[in-house]
Amino acid sequence: MKKILFALATTAAVIGFSAAASAADKAKVCFVYVGSKTDGGWTQAHDLGRQELEKALGDKVETQFLENVPEGPDAERAIERLARSGCGLIFTTSFGFMDATVKIAAKFPDVKFEHATGYKTAPNLATYNSRFYEGRYIQGQIAAKISQKGIAGYIASFPIPEVVMGINSFVTGARTINPDFKIKVVWANTWFDPGKEADAAKALIDQGVDVLTQHTDTTAPMQVAAERGIKAFGQASDMIKAGPQTQLTAIVDTWGAYYIKRTQAFLDGKWETTSSWDGLKDGILTMAPYTNMPDDVKALAEATEAKIRSGELKPFTGPLKKQDGSEWLKAGESSDDGTLLGMNFYVEGVDDKLPQ
Amino acid sequence: MRIELERRPEVSRLFSLLSPVIALALTMIFGGIMFLLLGKNPVTALYSFFIEPLMEVWSLHELAIKAAPLILIGVGLSVCYRSNNWNIGAEGQFIAGAIAGSILPVVFYEWHSPLVLPLMLLLGILGGALFAGIPAFLKAHLNTNEILTSLMLVYVAQLFLDWLVRGPWRNPGGLNFPETRTFDPVSVLPEMIASGRTHWGFGFAILAAVAIWFMMRYTLKGFEITVLGQSERAGRFAGFSSRKMIWFSMLLSGALAGLAGISEVSGAIQQLRPVISPGYGFTAIIVAFLGRLNPLGIVVAGLVLALTYLGGEAAQLSLGVSDKVTRVFQGLLLFFVLSCDTLIRYKIKLVWSNLTGTATEGAH
């Protein structure tokens with residue numbers, strides 16, 4: 001009996017050792033998607049990142065993914081399945097996967113997890129997000145230059161800090177050009193619903209806005225803008241095909257840079273938990289080509305982009321007032337990340353009441 | 001030329017029993033052809049679909065978790081459908097039960113007592129039953145069509161839940177995200193077996209299936225349900241009230257859907273979110289018919305359908321096929337099950353000339 005036990009133990013040790021050795025030169029990196037990998041928006045951007053990762057690291061990495069995973073118990077099962085199938089590093093790419101990721105991470109301490117846009121970390125669970133608001137500041141400036149009426153329409157998804165931050169950044173950018181600029185907000189209460197998004201776009205245009213931006217994922221608002229002959233901004237992916245004469249620019253999520261960086265760290269054995277929040281500078285966020293605008297506006301947008309990239313310009317820098325007129329930031333003072341991540345107030349210029 | 005279905009004078013007992021097996025075999029064959037066309041080895045594909053999820057303990061637990069709400073709802077629906085009451089709104093009753101049961105852990109979150117969990121389950125049952133009581137009342141007293149009313153109430157429940165988690169029940173410490181506070185451990189349905197995550201929801205499902213099976217088979221109530229379902233007139237002669245039956249079947253199926261809702265929320269999700277069900281209430285309709293409205297058959301049907309979900313994930317990983325393949329596969333299975341059942345009871349008759357057909361009918 002003892003011998004058998006010993007033999008088993010040795011075999012286990014050998015298997016364990018060889019597994020560890022192979023993990024060092026080849027990594028299995030897995031992804032959990034909330035949508036379809038060809039959704040034309042959020043999930044597609046993550047899948048493009050995965051493909052870039054494969055291209056960049058070649059045979060040092062093998063990737064797998066599960067798509068259309070509903071949030072809730074199904075997500076927990078999907079993540080556990082990946083953890084059990086030998087994935088060393090797992091990216092869960094929707095906010096709603098947060099608690100499921102936390103639970104499975106606690107159960108599999110040897111597997112590394114990364115959760116997009118959440119706020120819970122653990123020794124083997126990192127979070128990552130993108131400073132989308134940097135792009136929205138540039139959009140705001142473009143909108144203020146382009147708009148005749150000084151009013152933009154904003155199709156928002158859910159009143160979470162991420163989205164409120166985007167609205168505030170857009171207005172702040174716009175007001176550096178036109179101090180009286182205003183925006184109207186419609187809450188679509190969805191990330192992905194072409195019908196609702198198109199209705200929101202029509203409602204906003206009927207209320208007199210003459211430039212449109214969105215924090216939802218389909219190209220429907222862009223198409224409505226094209227039909228009505230006003231300009232618009234794309235979201236998550238370059239939407240130029242939906243509005244060749246309409247799109248001014250788009251915020252394009254380019255997660256590939258981050259996925260490559262983190263997988264490399266994992267291969268080198270240097271992976272550590274972080275709460276990463278990168279922006280234009282790190283290439284996790286890029287602007288689609290500036291199109292359908294006069295040259296001087298394009299030059300302005302490019303200059304602003306360069307300043308944000310170099311760190312010379314921080315979008316949320318005082319003097320800034322809250323919607324009720326009270327002071328938020330003094331002249332020259334920049335907001336700290338904590339305030340941004342929990343943002344639940346509007347800045348001046350937003351023509352809407354924040355759903356509380 | 002016309003195709004007609006003609007009822008067979010006698011239904012073969014042997015083929016009635018074999019029907020699901022034939023259907024499964026046909027699904028395998030056509031599924032295999034589909035995988036072949038996709039350039040995958042059909043044997044490995046079918047293995048990862050049907051066998052792989054059964055090979056590991058954790059996966060069996062996941063199977064039970066996924067099947068539990070389907071069985072619990074399906075069993076309740078079978079009573080409805082047998083008595084000729086078409087409750088299509090189990091999804092709404094599921095949500096209503098989940099909301100009612102969550103009152104304790106969300107609103108009275110500071111109350112820690114062993115009584116919390118039983119009360120939650122009770123509230124869940126009540127919530128589901130009351131919500132099913134609306135279409136029951138409308139049908140019993142105003143003679144409205146319960147298919148429409150129960151279905152429309154699904155959207156009411158979904159939007160009410162959406163409003164709750166974005167508004168009054170939103171977690172104050174949750175950074176404005178649309179979800180309630182997470183449940184305290186006293187309000188979490190415990191796991192059944194030490195080896196994995198299966199919670200008591202699965203236990204309830206099996207208990208309910210056995211109880212309803214017993215009722216249908218051995219009690220007068222079961223007889224009443226069958227008689228009223230097959231012929232309301234005959235039922236009335238026997239002294240059964242179809243109005244009471246509307247109430248009974250709708251409240252029972254609502255109660256079970258509500259229990260499924262609170263079990264799922266308490267056992268698996270542990271908070272309320274804008275969406276708490278990937279359509280269990282609707283899938284359960286398929287499960288109920290797949291199990292031929294027999295409570296024990298529904299247990300098997302629920303497990304089979306859950307298996308295709310899990311198998312679909314396994315196939316995505318081991319074969320790299322899209323998750324759409326899972327849907328196609330489920331579609332194939334249902335198609336073959338239903339067509340096998342139909343063809344055992346009916347035979348296909350080709351009617352060549354339309355004219356003669358009408359002429360003879362006219363002559364009768």
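Guide: Start at A:Trp187. Leaving aside neighbours within four places in sequence, A:Trp187 is in contact with A:Ala156, A:Pro159 and A:Pro355. Keep in mind that this is a predicted model. A:Phe158 belongs in the picture too. A:Phe158 and A:Trp187 are 29 residues apart along the chain, yet their C-alpha atoms are separated by 6.7 Å. A:Trp187 itself sits in strand E7 of chain A, residues 182-187. Burial would take 20 or more.

Now step past the strand. A:Asn189 lies in the loop between E7 and helix H7 (194-206) of chain A. The backbone of A:Asn189 deserves a look. Its phi is near 50°, a positive value, and the residue is not a glycine. A:Asn189 has 19 C-beta neighbours inside 10 Å and therefore counts as partly exposed.

Chain A has another backbone feature. The peptide bond between A:Gly318 and A:Pro319 is cis, with omega about 5°. A:Pro319 is placed in the loop between helix H10 (295-310) and strand E13 (320-321) of chain A.

Domain 1 covers 22-130 + 255-282, and domain 2 covers 132-252 + 316-351. Between the C-alpha centres of these two domains of chain A there are 29 Å. Each side brings 13 residues to the contact: 13 from domain 1 of chain A, and 13 from domain 2 of chain A. On the domain 1 side, helix H2 of chain A (residues 42-57) gives the largest share, three residues. By class, that side of domain 1 of chain A has five nonpolar residues, seven polar and one charged.

Chain A also touches chain B. Chain A puts 21 residues into that contact, and chain B puts in 16. On the chain B side, helix H3 (57-82), helix H10 (242-269) and helix H12 (295-319) each supply at least two residues. The chain B side counts ten nonpolar residues, two polar and four charged.

Follow the contact into chain B. Its secondary structure comes to 14 helices and two strands. What radius of gyration does chain B have, and what would a compact globule have? Chain B has 23 Å; a compact globule of 364 residues would be near 21 Å, so the two agree. Along the principal axes, the C-alpha atoms of chain B fill a box of roughly 75 × 60 × 35 Å. Of the 364 residues in chain B, 47% are buried. Take the contacts in chain B between residues at least 6 apart in sequence. Of these, 77% join residues at least 24 apart.

One helix shows the burial in detail: H11 of chain B, residues 280-290. Eight of its eleven residues are buried, so the helix is largely enclosed by the rest of the structure. The buried set in H11(B) is B:Tyr280, B:Gly281, B:Thr283, B:Ala284, B:Val287, B:Ala288, B:Phe289 and B:Leu290. These residues pack against H3, helix H4 (90-107), H10, H12 and helix H13 (324-345) of chain B. H3, H10 and H12 are also the helices named above for the side of chain B that touches chain A.

Now go just beyond H11(B). There B:Arg292 takes a positive phi of about 55°. B:Arg292 is found in the loop between H11 and H12 of chain B, and it is a residue other than glycine. With 16 C-beta neighbours inside 10 Å, B:Arg292 is counted as partly exposed.

Finish with a helix pair in chain B. H7(B) spans residues 200-218, and H8(B) spans residues 220-230. Their axes are 5 Å apart, at an angle of about 75°. The helices H7(B) and H8(B) are therefore roughly perpendicular to each other. Which residues make the contact? H7(B) uses B:Met215, B:Met216, B:Arg217 and B:Tyr218, while H8(B) uses B:Lys221, B:Gly222 and B:Ile225. By class, this H7(B) and H8(B) contact has four nonpolar residues, one polar and two charged.

Methods: Residues are numbered from 1 along each chain as its sequence is written. Chains are lettered from A and ligands numbered from 1 in the order in which they are written. This is a predicted model: local features need pLDDT of at least 70, side-chain atom pairs count only at pLDDT 80 or more; totals for chains, interfaces and linings use all residues. Helices (H or I, at least four residues) and strands (E, at least two) are DSSP runs, numbered from the N terminus. The radius of gyration is taken over C-alpha atoms; the globule rule is 2.2 Å times the number of residues to the power 0.38. A residue is buried if 20 or more other C-beta atoms lie within 10 Å of its own, exposed if 12 or fewer, and partly exposed in between; C-beta atoms are placed from the backbone. Two residues are in contact if their C-beta atoms, placed from the backbone, lie within 7 Å. Domain bounds come from an automatic or database domain assignment. Ala, Val, Leu, Ile, Met, Phe, Trp, Tyr, Cys and Pro count as nonpolar, Asp, Glu, Lys and Arg as charged, and the others, Gly among them, as polar. Axes are lines fitted to C-alpha atoms, for helices over the stretch in contact, and angles run from 0 to 180 degrees between N-to-C directions. Angles under 35 degrees count as roughly parallel, over 145 as roughly antiparallel, 65 to 115 as roughly perpendicular and the rest as oblique.
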